[in-house]
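Keep the sequence and the 3D view open as you read.

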Amino acid sequence: KGLYTTLCTLLYMIIKDAMVLIHLAKLSVLEKSCDYFKNVLIPKAVYDEISNENYPDSEIIKKFIEIGKIKIKLVQNKNLIKKANEFNIRNGEAQALALYWQEKANLLATDDDNVRSKKELLEINIIGTPVIILNLYKKKKIDKEKLNSSIERLREIGWFSNALLDSIIMEANKHE
C-alpha cells in the first residue's frame, strides 16, 4: 500500500497560474495547498508574472519555489501556447494551459474566468482558489476557523461571486 500511495502521489500533478498562487499566499494556505497536491508545477511565464509585478505575496511564492514545493517547468511545445492563444488565452494563463496539456496534468488551478468558461471546449479539469480551500478543509488540512476567515478574505478581495463563496460555506457545513 505504501508504494502504491507514493506512486499515486507522484503521478498526481497540478499546474497553477499566478492568481491562484497569489490568492493562496494572501490566505496563508499556499504551503498547505502545496503539501496537499504534492506535485505542483508552474510555467516560466507565471513565475515571471509573479516576479515582475510587485505583489506583496510574491516573496512567499518564491520561497516555496526555492525549497522545491513549487517547480518551474518550461513549455517545450510552443504550438500548445499557440493553441491556447487561439482561444483568446494569453500570457501566464496560456503557458499554464499549455503546460497542463504538455504534462498531461490532473488539474489546472486557475481563477481566470476566461479559461474557466472554456473548460469543456478545452477539455481540461479545473480547480479554483475557493474549491482548493474547501478541499483543504475536507481533508482536515485547515480547520473551520481558517476556512471561514479564508472565505471572508476572498470576499474582501472581490474576485469571486458571493454566491460561489456562500456555496463553499454550505458545502463545508455538510462535512462537519
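## A helix tucked inside

The buried residues of α7 are Gly92, Glu93, Ala94, Ala96, Leu97, Ala98, Leu99, Tyr100, Trp101, Gln102 and Glu103. Here buried means under 20% relative accessible area, exposed means over 50%, and partly exposed lies in between (1.4 Å probe, protein chains only). Because 11 of its 13 residues are buried, α7 is largely enclosed by the rest of the structure.

Helix α7 covers residues 91-103 and reaches 18 Å from its first C-alpha to its last, close to the 18 Å expected at 1.5 Å a residue. That expected span is 1.5 Å times one less than the number of residues. Helices (H or I, at least four residues) and strands (E, at least two) are DSSP runs, numbered from the N terminus. Lys104 follows α7 and has a positive phi, near 50 degrees.

## About the model

This is a predicted model, in which local features need pLDDT of at least 70 and side-chain atom pairs count only at pLDDT 80 or more, while totals for chains, interfaces and linings use all residues. Residues are numbered from 1 along each chain as its sequence is written, and side-chain values use heavy atoms, with hydrogens and water left out.

## Salt bridges

The structure holds 11 salt bridges, each defined as a side-chain nitrogen of Lys or Arg within 4 Å of a carboxyl oxygen of Asp or Glu. One of them joins the side chains of Lys26 and Asp57 at 3.0 Å, N to O. This pair links distant parts of the chain, 31 residues apart: Lys26 belongs to helix α2 (residues 18-26), and Asp57 to the loop between α4 (44-52) and α5 (58-66). Lys26 is partly exposed at 29% relative accessible area, whereas Asp57 is buried at 9%.

Other pairs sit within a helix. In α11 (residues 144-157), Glu156 and Arg153 are 3 residues apart, about one turn, and their side chains meet at 3.5 Å, N to O. Glu171 and Lys174 form a salt bridge at 3.6 Å, N to O; they are separated by about one helical turn because they lie 3 residues apart in α12 (residues 162-174). There is also a network of salt bridges linking Glu31, Asp35 and Lys69.

## A positive patch

Which residues form a positive surface patch? They are Lys32, Lys38, Lys139 and Lys141. Patches are made of residues with over 30% relative accessible area and no salt bridge, with like charges joined within 9 Å and nonpolar side chains (Val, Leu, Ile, Met, Phe, Trp, Tyr) within 5 Å. Lys38 sits in the loop between α3 (30-37) and β2 (40-43), and is partly exposed at 48% relative accessibility.

Note on methods. Areas by Shrake-Rupley, 256 points an atom, 1.4 Å probe, with all protein chains shown as cover. Lys, Arg positive; Asp, Glu negative; His and termini not counted. Charge placed at Lys NZ, Arg CZ, Asp CG, Glu CD.
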